[in-house]
Amino acid sequence: MAAPQSMPLDTIRLFVVSKLGWIRSQQRKLQLQERETPREFLNKESHYLWGKRYLLEISRADAAPAVSLSPKKLYLQVRPDADQCRCEEVLDAWYRQQVRDAVPARLDKWQPLLGVKANHVFVQRMKTKWGSCTPETGYIRLNTDLAKTPPSAWNTSWCMSWCICVEPTHNQRFIALMDLYLPRPVFRWRPGAVRAPQRPGSRNPLSLGQNAIARPPQRACPCAQNGRPT
């Protein structure tokens, strides 16, 4: 948690104690979340691309590593001496490229929609986030594993990253942006979130009175633990 440096420690303790019920509730939710079991890179093991399940089929050859798809299978070609770690590296690089390839179309959509510009989009392994944005630099970071998720999860992460570029804090303005640009069946920030009125013919139809948008200037395996930017 964050607190002002001048705040007495006893006050902070009392605040945390008052929130213990909520904290424990959130901890239980996290513990009950479904997690993908570690992949062993065995034939007929399940792997996913954009939410669709494929069965892995590994072949070995004295040739450059390669990944390809059929309607039901994901084919991974590696060299004869490749171990599990190397298989993971090859497939991880392929997933990273899938996300990179999907980025341009989304840039074309979101940059004019929100009136912001990404200076650089990184795709890397992330342990706790699907994506992040640094508004000061215009850098957006996306998790390589987004390539495994359904399009709705990708859209949510992408939309949040862009909205943070416009509004860095999760305040009512940020909530209204998320409500406006992500369809309600896919995303609901919280019950009773501010819903922005839509003005016909407006390219950016968000109006919150004095808080209306001020657009910024356009601007696993041990060997695969650290994120690597594009």
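Predicted model: local features only at pLDDT ≥ 70, side-chain atom pairs only at ≥ 80, totals over all residues.
1. E3 and E4 are part of an open sheet of four strands, whose order is E1-E2-E4-E3 and whose pairing is mixed. The edges of this sheet are taken by strand E1 (46-49) and strand E3 (66-69), and because each has a single partner strand, one side of each is left without a neighbour in the sheet. From one strand to the next, the twist averages 35°.

2. At the E1 end of the sheet, four bridges join E1 to E2, and these two strands run antiparallel. Leu49 has Lys52, in E2, as its bridge partner, and the hairpin that E1 and E2 form has two residues between the strands, with Trp50 taking a positive phi near 50°.

3. How do the strands of the other sheet follow one another, and what is their pairing? This is an open sheet of three strands in the order E5-E7-E6, again with mixed pairing, and its edge strands, E5 and E6, each pair on one side only. With direction ignored, neighbouring strands of this sheet are turned by 15° against each other on average.

4. The mixed pairing of the three-stranded sheet can be followed strand by strand. E5 and E7 pair in the parallel sense over five bridges, and here Gln124 has Asn143, in E7, as its bridge partner. Strand E6 (residues 131-134), by contrast, runs antiparallel to E7 and is joined to E7 by four bridges, with Thr134 having Tyr139 of E7 as its bridge partner. The hairpin of E6 and E7 has four residues between the strands, and in this hairpin Gly138 takes a positive phi near 75°.

5. Helix H4, for its part, lies across E5, E6 and E7, and runs at about 160° to E7.

6. The largest nonpolar core has 43 residues, of which Leu76, Ile140, Leu142, Trp158 and Trp162 touch the most other members. At least two residues of this core come from each of strand E2 (52-60), E4, H3, strand E5 (120-124), strand E7 (139-143), helix H4 (151-166) and helix H5 (172-181), and H3 gives the most, with 11 residues. For Leu76, leaving aside neighbours within four places in sequence, the contacts are Phe41, Leu56, Glu57, Ile58, Ser59, Ala66, Val67, Cys87 and Val90.

7. Which residues of H5 are buried? They are Arg173, Phe174, Ile175, Ala176, Leu177, Met178, Asp179 and Tyr181, so that this helix is mostly covered, with eight of its 10 residues buried. These buried residues pack against H3 and H4. The N-terminal end of H5 is capped by Asn171, from which a side-chain oxygen lies 3.1 Å from the backbone nitrogen of Arg173.

8. Why does Ser157 count as buried? Its relative accessibility is 8%, and the cut-off for a buried residue is under 20%. A polar atom of the Ser157 side chain lies 3.4 Å from the backbone oxygen of Trp130. Not counting residues up to four places away in sequence, Ser157 touches Trp130, Gly131, Leu142 and Leu146; of these, Leu142 is also among the core residues that touch the most other members.

Terms used:
Residues numbered from 1 in each chain as written. Heavy atoms only, no water. Pairing = 2+ DSSP bridges. Axes fitted to C-alpha atoms, helices over the stretch in contact; angles between N-to-C directions. Core = buried A, V, L, I, M, F, W, Y, C linked by side-chain atoms within 4.5 Å. Buried < 20%, exposed > 50% of the residue type's maximum accessible area, 1.4 Å probe, protein only. Contact = heavy atoms within 4.5 Å. Polar contact = N/O pair within 3.5 Å; in protein donor to acceptor, adjacent residues only side chain to side chain.
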